[in-house]
Amino acid sequence: MPSSTQRHLEVSSNGRSLILKATAVSGLLLLSGCSLFSHKHEKPVIPKTADAETLYNYGIDALRSGRYELAGGEFELLQQNYPYSGFTGNAELMEGYSYYLQGEYALSVQQLERYLQLHPTSPDAAYAFYLRALCYYEQIADVQRDQQGTVEALNALEEVITRFPQTSYARDAQLKIDLCRDHLAGKEMLVGRWYQQQRNYEAAMTRYQRVVQDYQTTNHVAEALERLVEVYLALGLKNEARQTASVLGYNYPDSQWYRYAYANLRDNKLLSGDFKQPATQKPTSKPRGFFSRAWHSVF
């Protein structure tokens, strides 16, 4: 019976290049010197009396050689013929993995959720949750499109961290969460810019404030602050414009966005000694770490 000591699934940073390390059970000895498959697209000749162990190892061999559809078929056949075998649980998980490798993410999620319902305390549950999250993550759409998939990926990744905080899966999930949040912030900025171009300043302000308040660790905050300065000036809210520019200058003093905000204040004769003249070089600094406190103390 295979166990977690016989098969390990390693986490890869890009999600797609998970490496499956599987060790054939010692009870099965493949014919030495002979190839199991005579052609890449040929199905193996499986004896009608093939037992669960044999079917499982045929599936593992197919995964190793990149024949993912064939592998999924072997694992499914095992489940149908031997529903109570000790190999069945692993076959259910591996079938979900084979769907993932084929890009059949909906089928993979369905199979992985079935596995988790049947084996909630399995030692491989952490991997199953992580793989399920990857299925959502791989479907994240461009910021021009609806971001419901990004929200689903974010929720699934957060579940991995909540359930298995000390695992390598949780560490990788955190990196992907940061990317999801940056993606969602990018969507808010895209919509905010559109509203601003349409002179719907109140709607634009709402989007930019959401980025500042909800996505403070993303790369879009400096621009959101500068856009808020523009919107406040357009609405005649001079104090809010100066205060926002002050927050921007403190946290991103070398950024291009502070230079734009500084120029806007200067053109509107709103500069004072509180504003440091921005550097002329490209942005190099990062936020100083007290951003949330500074923002909420101003607004």
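Colleague: Which helix holds Glu92?

Modeller: Glu92 lies in helix α3, residues 88–102. Helices are DSSP runs (H or I, at least four residues), numbered from the N terminus. This is a predicted model, where local features need pLDDT of at least 70, side-chain atom pairs count only at pLDDT 80 or more, and totals for chains, interfaces and linings use all residues. Residues are numbered from 1 along each chain as its sequence is written, and side-chain values use heavy atoms, with hydrogens and water left out.

Colleague: Is Glu92 buried or exposed?

Modeller: Buried means under 20% relative accessible area, exposed over 50%, partly exposed in between (1.4 Å probe, protein chains only). Glu92 has 5% relative accessibility, so Glu92 counts as buried.

Colleague: Which residues does Glu92 touch?

Modeller: A contact means heavy atoms within 4.5 Å. Leaving out residues up to four places away in sequence, Glu92 touches Gln79, Gln111, Arg114, Tyr115, Leu118 and His119. Take Leu118: 26 residues separate Leu118 from Glu92 along the chain, and their C-alpha atoms are 9.7 Å apart.

Colleague: Which residues of α2 are buried?

Modeller: An α-helix has 3.6 residues a turn, so residues three or four places apart point the same way. In α2, the buried residues are Leu70, Ala71, Gly72, Glu74, Phe75, Leu78 and Gln79. They pack against α1 (52–64), α3 and α4 (105–118).

Colleague: How confident is the predictor in the chain?

Modeller: pLDDT is the predictor's confidence in each residue, from 0 to 100. The chain averages 81, and 77% of the residues score at least 70. Over residues 1–40 the pLDDT is below 50. Residues 283–299 stay under 50 too.

How values were computed: Helices (H or I, at least four residues) and strands (E, at least two) are DSSP runs, numbered from the N terminus.
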